[in-house]
Amino acid sequence: MGAGAAAVVAVPAPAAPPPDPAPAGAPGRRSADRSGGPRPLYLGTYTSVPGGGTGIGLASYDPESGLITGSGTLTGVPDPSYLAVHPDGRTLYAVDERQDGGVTAVRLGDRRVLGTRSTGGAGTCHLSVHPSGRWLLSAAYGSGSVAVHPIDASGALGERTDLVTHGSPAPGPGQEGPHAHQFRTGPDGRHLLAVDLGTDTVYTYRLDAAKGTLAEAGQAHTRPGAGPRHLTFHPGGRYAYLANETDDTVVVCAYDPATGRLAIGEPQSTGATGDVTNYPAQLLVTANGRYAFLANRGHNSLARYAVEAGGARLRLLGTVPVGGDFPRQIAFSPDGRLLFAANQRSGTVTVFQVDADRGELRAAGEPFASPVAVCALPL
């Protein structure tokens, strides 16, 4: 399907009423800083690969122009390939994507490393903070497991309170085992969703908010071999969008906030055309719920979608070049006016001005060099 084709997929709405909008810490939904001064930007990398970084990259950006200025590196965190911030903005969390996976907390006020905790899994690749600020959720790709850690009043992490390894269903075609790639909170705040590329499954868990333990509440299965990687919610809370890495598709899902379960719709195009192997990485939805953007690794583009029918449909508008090689992760600035793309193979971060009323992206300045850039976290 061509990049300008109108691919439309709809799924039925769940019966339950929509929950409250996504928490303030969600991408593109935090309050904007109106001071007009530079804002902090943290950059994830691999420290154990040739040409990689030496820790978490430190930078700032102009919230109007998107211009990035580097300011050094926070060392002492190995392979910090994914980053997240506490809802109060005082603590940064990083995965340690190594065989003996870990999660590390960094106090932003003085950039002090508060300590590292084992996730009990291999190749921890994603983390997120529960909206309550009390729990850190992490996913380990190598072991196909998800973990929960408590967060104390200082932002430091306690010992793991739960660890679940995905044992069922069996791995999908071409997969040797489970590969958990994302672990996040649903918009209702009561359910957690774990996206597993190896088992072609999105698992729903209930979190015991007092104990930090998990109880499985359901499974949603993609078609065999889809390789689901990343799930993003519409701000209305009733629909979600799933990027499937292996079969190069996106899917609209209905979400039931009463049960936390997904109903997965039919696959549709990522806009990647030509003689290229493409691996979609991550989706973002504008805070007004009108447009979605997808990072395409291989095609090296950002696909643009119109969000229709209250979130139930995605219509492909086209693609724009990302200006780098292999965009592994994308993120909005807190006010949603800028989009940052971390381009792994070119070692660059590119920035785009976002027109949320028209769904348009416009390149903002020159790419910023950052070794093996795999995550950009603007605050």
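The legends below describe close-up views of a predicted model.

**View 1. The largest cavity and its lining.** The volume of the largest cavity is about 120 Å³. Its lining is formed by Ser81, Tyr82, Cys125, His126, His181, Arg229, His230, Ala281, Gln282, Arg328, Gln329 and Val374. By residue type, this lining comprises 4 nonpolar, 6 polar and 2 charged residues.

**View 2. Strands that contribute to the largest cavity.** Four elements each supply at least two residues of the lining of the largest cavity: strand S9 (124-129), strand S17 (228-233), strand S21 (279-285) and strand S25 (327-332). Among the lining residues, Cys125 and His126 fall in the range of strand S9 (124-129). Likewise, Arg229 and His230 fall in the range of strand S17 (228-233).

**View 3. The second largest pocket.** This pocket has a volume of about 200 Å³. The residues that line the second largest pocket are Tyr46, Glu97, Cys125, Tyr141, His181, Leu197, Arg229, Glu245, Thr246, Arg297 and Arg328. They divide into 4 nonpolar, 2 polar and 5 charged residues. Cys125, His181, Arg229 and Arg328 belong to the lining of this pocket and also to that of the largest cavity.

**View 4. An open sheet of 4 strands.** The strands are arranged in the order S13-S14-S15-S16, and their pairing is antiparallel. Strand S13 (180-185) and strand S16 (214-221) are the edge strands, each pairing on one side only. From one strand to the next, the twist averages 20°. His181, a residue in the lining of the second largest pocket, lies within the range of the edge strand S13 (180-185).

**View 5. The pairing of strands S15 and S16.** Strand S15 (residues 201-207) runs antiparallel to S16, and 7 bridges join the two. In this pairing, Thr201 is placed opposite His221 of S16.

View 6. The search of the whole structure finds 0 disulfides. Cys125 takes part in no disulfide, and the nearest cysteine sulfur, that of Cys375, is 11 Å away. Cys125 is buried, its relative accessible area being 5%. Cys253 is likewise in no disulfide; the nearest cysteine sulfur is that of Cys125, 19 Å away. With a relative accessibility of 0%, Cys253 also counts as buried.

Conventions: Residues are numbered from 1 along each chain as its sequence is written. This is a predicted model: local features need pLDDT of at least 70, side-chain atom pairs count only at pLDDT 80 or more; totals for chains, interfaces and linings use all residues. Side-chain values use heavy atoms; hydrogens and water are left out. On a 1 Å grid over the protein atoms alone, a cavity is a set of points where a 1.4 Å probe fits but cannot get out, and a pocket is an open set with protein on both sides within 12 Å along at least five of seven lines; lining residues have an atom within 4 Å of a point. Grid points are joined across faces, edges and corners, and a volume is the space filled by probe spheres set on the points. Ala, Val, Leu, Ile, Met, Phe, Trp, Tyr, Cys and Pro count as nonpolar, Asp, Glu, Lys and Arg as charged, and the others, Gly among them, as polar. Two strands pair if DSSP finds at least two bridges between them. Axes are lines fitted to C-alpha atoms, for helices over the stretch in contact, and angles run from 0 to 180 degrees between N-to-C directions. A disulfide is a pair of cysteine sulfur atoms within 2.5 Å. Buried means under 20% relative accessible area, exposed over 50%, partly exposed in between (1.4 Å probe, protein chains only).
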